[in-house]
Amino acid sequence: MTKHPVDEVLPAGRLALLGLQHMSIMYAGSVAVPLIVGSALKLDPATIGLLVNADLLVAGIATLIQAVGIGKLLGIRLPVVAGATFSVVNPMILIASQYGLPAVYGAMIASGVFGLLIAKPFAKLIRFFPPLVTGTLLLVIGVSLLGPGAGLIAGNDPGASDYAALSHILLAFGVLALLILFTRVLRGFANQIGPLLALAIGLVAAIPMGLVHWDSLGAASWFGLASPFHFGAPTFPVAAVLSMCVVMLVTFTESTADMIAVGEITGRPPTDSDLARGLATDGFSAVLGGVMNSFPDTAFAQNVGLVRMTGVRSRWVVAVTGGVLVLMGLVPKIGAFIAAIPQPVVGGVAVVMFAMVAAVGAQNLRTVEFSGNHNTFIVAVALGVGLLPAFAPKIFQHFPAWLQTICGSSITVAAVLAFALNLLFNHLGRRSEPDLLEAP
């Protein structure tokens, strides 16, 4: 019996290169979370380094579990890459400022247990995530990520002397041009590793430009891992726990859309049992992250885009990615080498991966029936309101802290609106009248 492409074990050399490619695409986004949180809390560089190591370790373990699976309990067994969710950034900073870091990690553990308990019931809601909802959510995810993608290329501080430096822009566009060339010209395996080749050439080109700094590589140790509960015994303030449980629901919504998209791309749509195991892994990562001073993980959207772009469907490729991430978490010197890749180089590839997620969402929406219903209106509201935080990050800054957890993320706002409006117009009571603005 022929194996499904998802279960195919590729030759070792291909597995290694394709696994590294997935890692290089997700790395910048994953380590951004500990860097942002650490900087906001004014932690010293050594402590931030421990957070980065812990983040990579937990992301690697979660990725391995998602790809390989653990019995009937954990892992969706699809090429899903796990990484720290940006939804946790503001809540972690707010909780740490008010209660301290032990409360952050206590709340994270509690939210992980909550996630493990509700994974199966949440997965049974899969029928309420039709292409109308998942397509809209993926479109918002892809578009909202373009902001961080632009930040990789131009920088995040408009006041900095090197912000939007011409050399940075040209380097990023050069990497993008290589990616376009490789995608058009190369065939077979060479085509599949086109993003990795573009990154490698971009790194070499950046060296004479003075953009590659090896200082951190020399300073990094060969082995380093923070002890469990590095910041002290966890505490569990009720407000902090409730806030992190909201984050877990947000994570589940985001992961659901990404996992369904991966299933469609690979030709193995997840059942509610598959989805439950995948979501339970998100919950487990929060428990493990709380113990190991890390962060909750979600399915990384940019890697969904990479699966679509390369057509590589094997989950064992992603298992290699997980193994590499674990190794990076245990060996800081490896992480320091990857971190030396200039952000404009990563950004040149990342913007395509982010936009690819939006393209997958648009493709999902093509299958939606827009005649004789309010589906156009649903997409418009979810897209319009959902993207407000992406274009005006502080628009909800005067809301209560717990509500900022929900409204501060475009992904969260779009998910809540698309899900709720689909229920309101397409499931509750009688069907509504057609869109008034529907084209004839």
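## A cluster of rings

Which residues do ring pairs link into a cluster? In this predicted model, the cluster joined by ring pairs is made up of Phe122, Phe128, Phe129, Phe252 and Phe419.

## Aromatic pairs across the chain

The count of aromatic pairs comes to 7. One of them brings together Tyr105 and Phe231, and because the ring centres lie 6.0 Å apart with the planes at 5°, this pair is stacked. Its partners come from distant parts of the chain, 126 residues apart, with Tyr105 in helix α4 and Phe231 in the loop between α9 and α10. Tyr105 counts as buried, at 4% relative accessibility, whereas Phe231, at 23%, counts as partly exposed.

Phe377 and Phe425 form an edge-to-face pair, with 5.8 Å from centre to centre and 70° between the planes. This pair also links distant parts of the chain, since Phe377 belongs to helix α16 and Phe425 to helix α19, 48 residues apart. Phe377 is partly exposed at 39% relative accessibility, while Phe425 is buried, with a relative accessible area of 16%.

## Ser410 in helix α19

Helix α19, which spans residues 410–426, also holds Ser410. This serine has 6% relative accessibility and therefore counts as buried, the cut-off being under 20%. Its side chain reaches the backbone oxygen of Gly386 at 2.8 Å, and, leaving aside neighbours within four places in sequence, the residues in contact with Ser410 include Val140, Ser144 and Leu387.

## The nonpolar cores

The largest nonpolar core has 87 residues, of which Met92, Ile141, Phe295 and Val349 touch the most other members. Helix α10 gives the most to this core, with 13 residues. Apart from it lies another core of 16 residues, including Tyr27 and Ile48.

Conventions: Residues numbered from 1 in each chain as written. Predicted model: local features only at pLDDT ≥ 70, side-chain atom pairs only at ≥ 80, totals over all residues. Heavy atoms only, no water. Helix = DSSP H or I, 4+ residues; strand = E, 2+ residues; numbered from the N terminus. Buried < 20%, exposed > 50% of the residue type's maximum accessible area, 1.4 Å probe, protein only. Polar contact = N/O pair within 3.5 Å; in protein donor to acceptor, adjacent residues only side chain to side chain. Contact = heavy atoms within 4.5 Å. Core = buried A, V, L, I, M, F, W, Y, C linked by side-chain atoms within 4.5 Å. Phe/Tyr/Trp six-rings, centres within 6.5 Å; stacked < 30°, edge-to-face > 60°.
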